[in-house]
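Here is a walk through one protein chain, written for someone meeting structures like this in a first course. Have the 3D view open while you read.

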Amino acid sequence: MRREIFAGSAVAVLMMTTAACGSSDNYGGKAPAVQPVGDSKQVGSGYGDPYGSGSGAAPAGAADKSGPAGELKVSEIQGLGSGVTDSAGITLYRFDKDTPKPPKSNCEGDCAAAWPAVAANDASVSAGIDAALLGSVERSDGTKQLTLAGWPVYRYAKDVKAGDALGEGVGGTWHVLGPGGKPAKAGKGAGAGAEKEKEEKPAAEAKGGELTAVQNPELGTLVEDAEGKTLYRFDKDSAWPMKIGCVDACTDTWKPAAPVDKNKVSGIAPELIGKVKRPDGTEQLTIDCWPVYSFTGDKEPGDTTGHNNKGLWFAITDKGKKAKVVG
């Protein structure tokens, strides 16, 4: 890679010699095509084999996990304390990448096969759960999913009997549902699923080195980091030649995203994932060769308050494009 610095400017230009980077919305369709970097094999949904069977098939006992919960109960979950179960004692979960206000599920497709949504009808509560916390949210397929304190409720396909909590801690984003809608508090022996994840995940991934494509009802398919923060691109950057326009004080508000393993992303083509060295020597994530940032003004997972900021900052799509401007 060779670098050029524009005279009289703090803007850094980085030229890539091993792969062409470009974007049709930056060059009127005349940019060179993006070339796959390394292994160009697609990774599917990014959730892997949700059942650990090697074939993607559900294990015995995993069927009919999307039915009504019946009477929700507060049950003692080994290693976690009080968690919510359905009328059959099956553990219920919440997903950190969902949102409660307004309720929104971001688990679709293969994700929903591993984490079946609990139907909203015929739900009631027993002692320890406030009935006023019950609600529902309409999923993309038109079905109604149960919510507790606004959080969409799921079962885990690998839990096959009452008391199982194999989904606790999976991906760092799935947690046993507590009676008030918060995650049940983890303790020693917090479920075999959690322990297995800790053993299998390298330290870098455990810190949140992944990306996920999620559906935003207004803006389309956006990219979020492992903490659920929306990622953005900047019109004063460019993809070819690769140019970084956000330096110095700009990075106090717009934080350069750290590079990730391109083979550990969900819903984004691995060949679009890259990195670039910034003027200060640090490395930054790129999507379709666009440098990517998070916005300090976003306070909750799924927030998009940085979109169309000053007409220069835009939520980035799974293709590396600018999300549409609405309103």
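What follows goes from the whole chain down to single residues.

The chain has 327 residues, and 45% of them count as buried. Among contacts between residues at least 6 apart in sequence, 68% join residues at least 24 apart.

How confident is the predictor? The mean pLDDT of the chain is 77, and 73% of the residues reach 70 or more. Over residues 1-20, though, the pLDDT is below 50, and this stretch has 47 contacts beyond near neighbours in sequence. Residues 22-63 also stay under 50, with 79 contacts in the model beyond four places in sequence. Where pLDDT is low, the predicted coordinates should not be read in detail.

In soluble globular proteins, nonpolar side chains tend to be buried together. Here the largest nonpolar core has 30 residues, and those with the most contacts inside it are L211, L231, I273 and L285. Several strands give two or more residues to this core, including β14 (220-225), β20 (273-277) and β21 (283-287). Which strand gives the most? That's β15, with 3 residues. Apart from this core lies another, of 15 residues, with L80, A114, Y156 and A184 among them.

Zoom in on L231 for a moment. Leaving aside neighbours within four places in sequence, L231 is in contact with a list of residues that includes L211, A257, L285, Y293 and F314.

**A sheet and a hairpin**

Strand β15 turns up again in an open sheet of 4 strands, in the order β18-β23-β15-β24, with antiparallel pairing. Which strands stand at the edges? They are β18 (254-256) and β24, and each has a single partner strand, so one side of each is left without a neighbour in the sheet. From one strand to the next, the twist averages 45 degrees. Look at β15 and β24: they pair in the antiparallel sense over 3 bridges. In one of the bridges to β24, Y232 is partnered with A315.

Now try β20 and β21, an antiparallel pair with 5 bridges. V276 stands opposite Q284 in β21. These two strands make a hairpin with 5 residues between them, and there G281 takes a positive phi near 95 degrees.

**Disulfides**

How many disulfides does a search of the whole structure find? There are 2. The table puts the two pairs side by side.

| Pair | S to S distance | Torsion about the S-S bond |
|---|---|---|
| C107 and C111 | 2.0 Å | about -110 degrees |
| C246 and C250 | 1.9 Å | about -105 degrees |

The C107 and C111 disulfide is left-handed because of its torsion of about -110 degrees. The C246 and C250 disulfide has a torsion of about -105 degrees, so it is left-handed too. Both C107 and C111 are buried. In the other pair, C246 is buried, at 0% relative accessibility, while C250 is partly exposed, at 21%.

Most residues other than glycine have a negative phi, and most peptide bonds are trans. So where are the exceptions worth a look?

Start with the peptide bonds. A cis bond joins K101 and P102, with omega about -5 degrees, and P102 is found in the loop between β6 (99-100) and β7 (103-104). Another cis bond joins W240 and P241, also with omega about -5 degrees; P241 is found in the loop between β16 (238-239) and β17.

Then there's phi. C289 isn't a glycine, yet its phi is positive, at about 75 degrees. C289 is found in the loop between β21 and β22 (290-291). K310 has a positive phi as well, near 55 degrees, and is found in the loop between β23 and β24. Are these two residues buried or exposed? C289 counts as buried, at 7% relative accessibility, whereas K310 is exposed, with a relative accessible area of 75%.

Conventions. Residues numbered from 1 in each chain as written. Predicted model: local features only at pLDDT ≥ 70, side-chain atom pairs only at ≥ 80, totals over all residues. Heavy atoms only, no water. Core = buried A, V, L, I, M, F, W, Y, C linked by side-chain atoms within 4.5 Å. Buried < 20%, exposed > 50% of the residue type's maximum accessible area, 1.4 Å probe, protein only. Contact = heavy atoms within 4.5 Å. pLDDT = per-residue confidence, 0-100. Pairing = 2+ DSSP bridges. Axes fitted to C-alpha atoms, helices over the stretch in contact; angles between N-to-C directions. Disulfide = S-S within 2.5 Å.
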